[in-house]
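The following exercises concern one protein chain and its fold. Each task is followed by a solution in steps.

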Amino acid sequence: GKPNDEAISDIIQFIDRSWERATPLDHDWLERYTLAWKRRPRPTGTVPLASAQATGIEDLEIPWDAYFKLINNQEGRRLSSGYRLSVFGVEESYLTEIEACQAAFRDDTSFSEIPVNSRKLIAGLRPHSSGLLGSMKGAGFAKNIVSEQPEMLADVLDQIPIAGAISREDALSAVESLTAIDGIALGVATRLLATKRPDIFLSLNGGSRPNIANLCTRGAPSNARSYVDLLTRIWDTPWWRSPEPTDSQQRRVWNARVALLDSALYEEVERPNQ
């Protein structure tokens with residue numbers, strides 16, 4: 001259009017009136033704005049890594065600060081049902097569940113000696129578990145093993161140290177041994193391992209499987225070897241190899257850094273706590 005067209009003229013007049021009402025951006029204004037910016041609500045939702053647009057495991061090649069920001073941004077992320085994920089909350093959050101499982105493993109020398117309700121929490125059985133990191137809904141035989149024959153799982157889980165290095169061979173042996181037990185599928189096995197060593201293992205569950213598939217050239221892991229292949233790539237990322245942070249909140253995330261990747265990959269399958 002031309003400058004004297006009615007629509008263009010109206011826009012120009014609106015801009016002129018807006019400038020007349022504008023506030024000068026002086027030093028005091030900038031200080032107030034900076035303070036307001038620092039106090040702003042942090043954005044929720046995932047970054048491209050955690051979306052269907054993830055192009056490969058290379059998307060995980062980020063430093064520790066970027067990874068911590070990724071996990072921190074999952075706090076309050078709304079799923080399609082309206083349920084909000086929580087990483088740091090005091091109830092039904094990733095860290096509270098992981099740390100409660102860790103405490104149960106530390107308190108007893110064998111999985112078979114852990115009280116039954118704590119074993120159910122470790123295994124993801126509701127209502128003891130929030131359902132984050134995957135649940136055992138529908139895994140009837142596995143539930144019976146956890147409740148009534150925990151020694152079958154203890155033979156494997158007790159071999160995984162609560163701290164220290166774990167080799168690829170030991171990880172592969174643990175996953176193969178667990179999935180060799182009748183009724184223990186890959187999802188259940190990885191949930192058990194991720195709660196004992198959240199710094200090493202990733203839970204492979206229905207909520208995270210689609211986005212895990214996006215990170216892998218051949219889709220989501222379907223057996224012990226392809227799962228450990230994924231772990232090996234994760235263990236080679238800058239954020240995983242970073243030294244333990246001194247900040248207490250970052251240290252909590254660092255101690256559970258692989259398991260917490262689930263929070264950034266999780267998409268709605270069902271509400272976690274139902």
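**Exercise 1.** Which residues in helix 3 and helix 13 meet?

*Solution.* The model is a predicted one, in which local features need pLDDT of at least 70 and side-chain atom pairs count only at pLDDT 80 or more, while totals for chains, interfaces and linings use all residues. Residues are numbered from 1 along each chain as its sequence is written, and side-chain values use heavy atoms, with hydrogens and water left out.

Step 1. Helices are DSSP runs (H or I, at least four residues), numbered from the N terminus. Helix 3 covers residues 64-72, and helix 13 covers residues 248-255.

Step 2. Contact means heavy atoms within 4.5 Å. Helix 3 contributes W64, D65, F68 and I71, and these meet Q249, Q250, V253 and W254 of helix 13.

Step 3. Sorted by class, the contact of helix 3 with helix 13 comprises five nonpolar, two polar and one charged residues. In this scheme Ala, Val, Leu, Ile, Met, Phe, Trp, Tyr, Cys and Pro are nonpolar, Asp, Glu, Lys and Arg are charged, and the others, Gly among them, are polar.

Step 4. Two packed helices are described by the angle between their axes and the distance between the axes. The axes are lines fitted to C-alpha atoms, for helices over the stretch in contact, with angles from 0 to 180 degrees between N-to-C directions. For helix 3 and helix 13 the angle is about 90 degrees and the axes are 11 Å apart. Helix 3 is therefore roughly perpendicular to helix 13; angles under 35 degrees count as roughly parallel, over 145 as roughly antiparallel, 65 to 115 as roughly perpendicular and the rest as oblique.

**Exercise 2.** At roughly what angle do the axes of helix 4 and helix 9 cross, and within what distance do they come?

*Solution.* Step 1. The crossing angle is roughly 80 degrees, and the axes of helix 4 and helix 9 come within 8 Å. Helix 4 is thus roughly perpendicular to helix 9.

Step 2. On the helix 4 side the contact is made by E97, I98, C101, Q102 and F105, and on the helix 9 side by R191, L192, T195 and K196.

Step 3. The residues of this contact of helix 4 with helix 9 divide into four nonpolar, two polar and three charged.

**Exercise 3.** Which residue forms a salt bridge with R191?

*Solution.* Step 1. Side chains of opposite charge can pair when their charged atoms come close. A salt bridge is a side-chain nitrogen of Lys or Arg within 4 Å of a carboxyl oxygen of Asp or Glu. By this rule there are six salt bridges.

Step 2. The partner of R191 is E97, with the closest N and O atoms 2.8 Å apart. R191 belongs to helix 9 (residues 186-196) and E97 to helix 4 (residues 94-107), so the pair ties together parts that are 94 residues apart in sequence.

Step 3. Buried means under 20% relative accessible area, exposed over 50%, and partly exposed in between (1.4 Å probe, protein chains only). R191 is buried at 2% relative accessibility, and E97 is buried at 6%.

Step 4. Another salt bridge joins the side chains of E99 and R252, at 2.9 Å from N to O. This pair links distant parts of the chain, with E99 in helix 4 and R252 in helix 13, 153 residues apart. E99 is partly exposed at 32% relative accessibility, and R252 is partly exposed at 26%.

Step 5. D236 and R241 also form a salt bridge, with the closest N and O atoms 3.8 Å apart.

**Exercise 4.** Is L260 buried or exposed, and which residues does L260 touch, not counting those up to four places away in sequence?

*Solution.* Step 1. L260 lies in the loop between helix 13 and helix 14 (261-265). Its relative accessibility of 0% makes L260 buried.

Step 2. Not counting residues up to four places away in sequence, L260 touches Y67, I71, V87, Y94, L95, I98 and V253.

Step 3. L260 and Y67 are 193 residues apart in sequence, and their C-alpha atoms are 10 Å apart in space.

**Exercise 5.** Where is the place of I184?

*Solution.* Step 1. I184 is found in the loop between helix 8 (168-179) and helix 9. With a relative accessible area of 3%, I184 is buried.

Step 2. Leaving aside neighbours within four places in sequence, I184 is in contact with A142, I145, L153, L178, T179 and A189.

Methods:
Helices (H or I, at least four residues) and strands (E, at least two) are DSSP runs, numbered from the N terminus.
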